[in-house]
Amino acid sequence: MADSLLKQAAPEKLTPKDFKSDQEVRWCPGCGDHGVLNSVQKAMALMGKPKEDFAVISGIGCSSRFPYYMDTYGFHSIHGRAAAIASGAKSANPDLEILQVSGDGDALAIGGNHFIHAVRRNIDMTILLFNNEIYGLTKGQYSPTSKHGMVTKTSPFGTIEQPFHPAELALGAQSKFYARSIDTNIKLTSEILLDATKHRGTSIVEVLQNCVIYNDGAHSLITDKNTKEEYQLVLRHGERMIFGKEKNKGLVMGGNGKLVVVTIGEHGITEQDILIHDAHTPDPHMHWLLSNMTAPEYPVALGVIRDVAALSYEEKMVQQIKDVQAQSSIKCMDDLLNSGDTWEVE
Amino acid sequence: MSQKTKVIEKEEVVIRFSGDSGDGMQLTGTQFSDTSALFGNDVATFPDYPAEIRAPQGTVGGVSGFQLHFGHTEVNTPGDYADVLVAMNPAALKANLKWVKASGTIIVNEDSFTDRNLEKAGYDSDPLQDDKLADYNLIKARVTSLTKECLKDSGLDQKSILRSKNMFALGMVYWMFDRPLEHTEEFIESKFKKHPLVVDGNKKVLRAGYNFAKTIEALAYNYSVAPAKIKKGTYRNITGNKATAWGLIAAAEKAGLPLFCGSYPITPATEILQELAARKDLGVKTFQAEDEIAGICTAIGASFAGNFAVTTTSGPGLALKTEAAGLAVMTELPLVIVNVQRGGPSTGLPTKTEQSDLMQAIHGRSGECPMPVIAASTPSNCFEYAYRASKIALEHMTPVILLTDGFLANGAEPWRIPKMADLSPITVPLAKEGDDYMPYARDEEKLARKWAVPGTKGLEHRIGGLEKMDVTGTVSYVPENHQVMTDIRSERVRKVANFIPDLPVKGEENADVLVVGWGGTYGHLTTAVRELQKEDKSIALAHFNYILPLPKNTEEVLKRYKKVIVCELNDGQFAEYLRSNFQDIKFEQYNKLQGLPFTVKELKETFNQLLEEK
Ligand code: SF4
């Protein structure tokens with residue numbers, strides 16, 4: 001008791017370095033994963049929690065190597081199953097701060113079922129979804145997020161499959177928190193991660209990540225120095241949806257229920273006309289429109305797109321157990337063994 | 001009761017209640033068995049559900065049965081053949097006649113033998129009218145009309161009246177076996193306490209059936225089965241699935257850990273998940289996962305996070321859990337995987353029993369991936385073996401497979417209630433704050449690593465499915481290390497043999513024939529062998545609960561006998577396993593794959609034949 005009070009009163013000041021393990025980082029030089037690792041370590045140091053309360057749980061894929069590089073509790077599991085393993089860990093031990101790391105193949109192909117059900121249940125954890133639109137670890141096959149027509153080793157004539165938009169899938173599973181960032185933007189990623197951890201329930205953080213080896217430049221329009229400001233819209237709750245090099249572009253609602261990009265100062269548009277972002281509204285309609293914007297027609301939405309309060313799965317689980325325990329006359333196994341119809345043999 | 005003309009003392013009796021799935025036969029059977037158990041008989045029961053929940057009414061496919069065996073002596077099986085068959089309609093008679101003893105009693109609901117029902121059951125002519133049943137003691141009772149007559153002024157609607165006709169049949173059988181009605185009357189009062197009319201109606205019909213049997217001349221005698229000589233103690237009835245669930249909860253309590261069950265519903269294992277879900281009062285956490293894989297994966301996650309984790313399934317589900325089971329072996333986390341076996345392959349016979357997942361349990365994973373395999377052998381000892389499987393999992397830091405089967409799962413018997421204080425302690429190798437922790441450092445006795453639960457300060461570490469370096473637990477591709485770790489994984493399982501009891505033998509050391517069985521066939525094998533021993537036949541039984549590793553005295557036992565016959569409800573999987581372990585012992589086999597348990601009769605015939613062969 002005294003120990004835990006102490007822990008709350010004066011948490012050790014941790015630095016990103018405290019979260020670095022002694023393992024050599026083995027991602028390709030220039031891989032977007034390096035930036036995300038830095039963002040995570042930076043964010044965790046700011047969370048004010050002791051190291052032992054973190055568990056990083058991953059599946060299989062390049063990004064799923066993540067736990068080995070973190071000096072926290074970690075579990076590098078099997079392909080696709082990280083969301084299920086993390087769900088069990090959090091239900092078993094609700095005090096843990098769980099970061100579940102997956103790539104687009106791990107979370108949305110082989111693990112698609114676990115992904116949507118974790119989101120539906122609203123288990124309190126952060127799912128860090130590395131979206132590089134390719135299978136990297138197996139050396140370059142198309143993934144469920146690869147763009148239609150993309151030529152890869154298993155689609156030498158171009159894919160004939162429609163890609164998933166992860167946000168659409170998540171909203172369909174009734175996601176309460178959805179955010180998006182870019183691997184190179186460490187500041188934004190760690191800022192989002194702090195929000196994601198504060199959110200009670202499943203928080204999905206999609207990171208647009210560049211695989212320099214097998215799908216270089218997949219997100220170039222929004223990451224390229226010359227174009228990025230035109231194609232990035234960083235959303236902040238309560239702020240207007242303004243973007244562009246000159247900060248003169250914005251979104252308004254068109255008459256047909258579609259978002260329209262406008263320029264402030266043209267056609268009588270003023271700043272007051274630009275939409276204000278409401279991340280907290282339970283109605284997912286606007287969040288769906290925002291998260292589905294693609295370049296070059298639209299800017300790509302980054303930041304916290306949706307952040308709606310709700311009770312988490314394990315909060316309800318713990319509460320239900322408490323409620324039943326308060327009512328039941330069975331307090332231990334001996335009570336249960338002797339409950340109901342029993343009889344004595346002399 | 002003084003009016004009874006003749007009372008026949010019987011050692012044991014088998015009754016089979018059968019009717020349409022809506023006729024309430026499970027309830028009727030359960031009531032009779034509870035009453036008999038309270039009376040002091042030893043009892044074993046087995047329900048026989050139709051495979052389809054809504055098979056067409058009145059057809060053979062829709063017949064639901066409940067068989068019970070009660071006796072003055074030890075009862076180990078629900079019985080091969082029935083002394084009394086209650087058939088509520090022609091389909092029930094058709095489906096069950098072959099299970100009635102020659103000259104047994106058949107009670108039929110005469111009202112249901114209409115042309116239409118006969119046709120639905122597939123009868124060309126009315127068996128009550130021709131002489132097909134001449135060899136039986138046939139009792140025709142107009143159950144439907146007598147029930148209607150009895151309740152015509154009850155104020156109940158027609159549907160409720162018809163529903164209570166099972167009580168009429170139960171009343172009749174209660175009279176035949178001289179059973180008191182009180183237990184069932186109390187049951188009716190509590191079950192329908194919100195509907196006083198239904199309570200009165202059911203009690204009235206129960207008594208009407210009892211009085212009817214007393215009055216009619218067809219039942220000029222009744223039977224009496226004296227209480228059995230049973231060990232002193234407090235008893236209750238329990239099914240295999242409930243006993244399994246309770247064994248797991250007991251182990252968690254003993255180990256001082258919360259119980260977590262990640263599972264997906266599957267016949268015939270679902271009741272374990274249901275029973276655990278109902279036990280929130282004991283802090284049990286159940287997670288109904290999106291699929292079988294998530295069932296085991298949530299359990300592995302829970303185990304990583306410091307709960308005692310289990311997953312429950314049946315054969316096809318175990319196949320889906322295979323890869324994750326390998327992860328549990330690699331990460332050396334405690335986990336109990338319960339497989340309630342059913343007829344396979346594929347969807348197979350979901351509601352029927354079989355023992356054909358043995359090889360899957362022993363070998364069915366990628367890589368060299370051993371884990372202990374344990375089998376329960378009676379409905380009530382599912383508690384004991386679930387507890388033992390849990391103890392091994394937790395103390396040895398390993399996944400364990402517990403095999404039961406559909407026969408054990410749904411079967412029920414009286415069970416002497418244990419006291420928690422009498423169960424052996426479970427000591428969990430938890431790492432503590434301040435320990436100099438190495439994830440894959442081990443103790444000598446068990447080669448178990450320590451369990452460092454997330455949240456413990458200073459013990460942060462990483463585990464996973466990649467091969468790990470001995471002691472340090474970092475990822476390792478070193479060839480020699482893989483050899484070392486493979487050897488350790490198999491040695492860990494072998495070492496479990498030092499912590500399990502010797503294989504017991506029932507019978508003489510130098511008998512001519514040794515019968516070998518494992519798991520759910522215990523009741524039938526033990527009855528067959530006991531009966532032959534009473535006839536002075538030179539036969540003994542060795543029944544296995546510990547499959548992997550085998551008890552240490554296994555070879556010594558098997559070698560003592562000239563003839564060894566391995567009996568199992570599969571095509572010879574345990575026999576093959578024993579052959580691969582003991583190459584110079586000759587194993588005969590007796591196998592059956594009909595979705596049904598053995599009958600004592602067929603076993604005795606087989607053993608007699610073997611005894612006669614020189
Ligand atoms: S293959 Fe691609 S995703 Fe994988 S580490 Fe290399 S750059 Fe990163």
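**Where chains A and B meet**

Across the interface of chain A and chain B, 32 residue pairs are in polar contact, with both residues at pLDDT 80 or more (a polar contact is a pair of N or O atoms within 3.5 Å; within protein, one must be able to donate a hydrogen and the other to accept it, and residues adjacent in sequence count only if both atoms are side-chain atoms). This is a predicted model, in which local features need pLDDT of at least 70 and side-chain atom pairs count only at pLDDT 80 or more, while totals for chains, interfaces and linings use all residues. Residues are numbered from 1 along each chain as its sequence is written, chains are lettered from A and ligands numbered from 1 in the order in which they are written, and side-chain values use heavy atoms, with hydrogens and water left out.

H3(A) gives the largest share, seven residues. By class, this side has 26 nonpolar, 20 polar and 13 charged residues (Ala, Val, Leu, Ile, Met, Phe, Trp, Tyr, Cys and Pro count as nonpolar, Asp, Glu, Lys and Arg as charged, and the others, Gly among them, as polar).

How much area do chain A and chain B bury between them? About 5300 Å², 62% of it on carbon and sulfur atoms; buried area is the accessible area (1.4 Å probe) that two parts lose on being put together, summed over both. In chain A, the residues that lose the most area to chain B are A:Tyr73, A:Met333 and A:Trp343, together 16% of what that side buries.

A:Trp343 also has a bridge partner in E9(B), namely B:Tyr235. Three bridges join E12(A) to strand E9 (residues 233-239) of chain B, and the two run antiparallel; strands pair if DSSP finds at least two bridges between them.

The side chains of A:Arg121 and B:Glu290 meet in a salt bridge at 2.9 Å, N to O.

Now turn to chain B, where an open sheet of five strands has the order E18-E20-E19-E22-E23, with mixed pairing. Strand E18 (505-506) and strand E23 (587-591) stand at its edges, each with a single partner strand, so one side of each is left without a neighbour in the sheet.

Note on methods. Salt bridge = Lys/Arg side-chain N within 4 Å of Asp/Glu carboxyl O. Helix = DSSP H or I, 4+ residues; strand = E, 2+ residues; numbered from the N terminus.
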